[in-house]
Amino acid sequence: MGINLMYTPLETIFDATMEREGRNITAYTSGSGFQAFMRRNDDGNNYEDRITLYYYTDAPVVQGSLISYGNKVYILVNRETEENHCYYKSSALACNGMITLNNRDVVGIPCYASAMKDGLAERNNVLSLISGTMEFITESNSLSRQIKIDDTFNEFGRTYKVNNIYYKDGILHIITEVTTNENPAGHLKVAIDGLLEEAYMVGDTAQLSATLYINNVITNGTVTWESTDTSVASIDGTGNVRFLSDGSVSFKAYWVEKDISGASGIVVAGNPDVSYTYEIIGKPELACGIRRKYTLKITDNAGNEADNVAFTWNVLAGFEVEQITSENQIMLCVDNEKVIGSTFVLQVIADNNVMDEMEILIKDEL
């Protein structure tokens, strides 16, 4: 007599793994969601970002499908499985480009470019092509099938002409060659945000961001930043600005793949218009032979006590006054009984001007 199992070990293990490691994935073209867990299958030395996906057999994708996960779009380059009715397994390759025909018939198709001749590839998926051909692969769908032989598009800073097209296992293969540079700037735009003021003070910072558009549709790409005057303001690779000195400056965001730039408005950098108030603190009386301390308080026009403001002490007297200075303080003493009842003047000098003064009376005792 046979035994009927209520479950299979494979399904149980797969369900448990999906529950523990499952991630939300989106089919790029249809927008349908499904769950999958992933295994990265490169050894860290490849230029490609390649992962392996495991997903249920009813997921809305097939070989050649584009999927979205995180900030990236991947193409499923195959679909394989063991003999089971539980799951499929696919290798997924991160797209490194975007096809927009220069005649605007097709806009914004994620793709992966490879099979270069006489070219170089960088780890950040920015391709530098010297000459030769390149193959682009993407999902075969109603939009991508509008691409025709002799169409042209710009990517990776060059213009490509479609020489051949073929479809295989759900994947559209586009064979191209580098052709005369075209500038499809009419439907490409780089918008810069983050400059909230028309004027900044030296030492201020700002965080800029660049939004990339194809036919008014936001897309992704690689952006580098440039300051038009690095002595006035610096900007790093993330768009972080620091204003360094007086002057006018603007900033450029360069869209690497499309070879176009966007520029910010011109802003002014400068030192703040600060004024100071000077006040001598201490009693206007000095006992003969006794030292007394006087302190200078400097306040800016925002009401903050200021440090590191240049000034000098000055004593106007017809007799000897002992002076000991330390930072913003001065110690005074008159040891001469003959001048009891006389006065002298203590002054603060800044920018060759008298900023405050105090008349001090010498007394026999306080």
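1. The lining of the largest pocket in this predicted model is made up of 11 nonpolar, 12 polar and 4 charged residues. That lining comprises 27 residues, and those nearest the pocket centre are Asn71, Cys95, Met98, Asn220 and Gly221. Strands S5 (72-76), S7 (97-99) and S19 (217-219) are the elements that contribute two or more residues to it. Of the elements, S19 gives the most, with 3 residues. The space in this pocket comes to about 630 Å³.

2. The second largest pocket holds about 150 Å³ of space. Its lining consists of Leu296, Ile298, Glu305, Ala306, Asp307, Asn308, Val309, Phe311 and Asn328. By class, these are 5 nonpolar, 2 polar and 2 charged residues.

3. On the overall make-up, the protein has 34 strands and 1 helix. Of its 366 residues, 39% are buried. Taking contacts between residues at least 6 apart in sequence, 51% join residues at least 24 apart.

4. The count of aromatic pairs in the model is 15. One of them joins Phe14 and Phe37, with ring centres 5.4 Å apart and planes at 50 degrees, a tilted arrangement. Phe14 belongs to helix H1 (residues 9-21) and Phe37 to strand S2 (residues 33-40), so the pair links distant parts of the chain, 23 residues apart. Both Phe14 and Phe37 are buried.

5. Phe14 has a further aromatic partner in Tyr56: this pair is edge-to-face, at 5.1 Å centre to centre and 80 degrees between the planes. Because Phe14 is in helix H1 and Tyr56 is in strand S3 (residues 50-56), the contact ties together parts 42 residues apart in sequence.

6. Tyr56, at 27%, counts as partly exposed.

7. Cys86 is located in the loop between S5 and strand S6 (87-94). With a relative accessible area of 7%, Cys86 is buried. Which residues does Cys86 touch, not counting residues up to four places away in sequence? They are Leu10, Glu11, Phe14, Tyr55, Tyr56 and Thr57. As for Tyr55, its C-alpha atom is 8.5 Å from that of Cys86, and the two residues are 31 apart along the chain.

8. The charged end of Arg145 sits over the ring of Tyr167, 3.8 Å from the ring centre. Lys189 lies over the face of Tyr213, with a distance of 5.7 Å to the ring centre.

Conventions. Residues are numbered from 1 along each chain as its sequence is written. This is a predicted model: local features need pLDDT of at least 70, side-chain atom pairs count only at pLDDT 80 or more; totals for chains, interfaces and linings use all residues. Side-chain values use heavy atoms; hydrogens and water are left out. On a 1 Å grid over the protein atoms alone, a cavity is a set of points where a 1.4 Å probe fits but cannot get out, and a pocket is an open set with protein on both sides within 12 Å along at least five of seven lines; lining residues have an atom within 4 Å of a point. Grid points are joined across faces, edges and corners, and a volume is the space filled by probe spheres set on the points. Helices (H or I, at least four residues) and strands (E, at least two) are DSSP runs, numbered from the N terminus. Ala, Val, Leu, Ile, Met, Phe, Trp, Tyr, Cys and Pro count as nonpolar, Asp, Glu, Lys and Arg as charged, and the others, Gly among them, as polar. Rings of Phe, Tyr and Trp (its six-membered ring) pair if their centres lie within 6.5 Å; planes under 30 degrees apart count as stacked, over 60 as edge-to-face and the rest as tilted. Buried means under 20% relative accessible area, exposed over 50%, partly exposed in between (1.4 Å probe, protein chains only). A charge sits over a ring if NZ of Lys or CZ of Arg is within 6 Å of the ring centre and within 35 degrees of the ring normal. Contact means heavy atoms within 4.5 Å.
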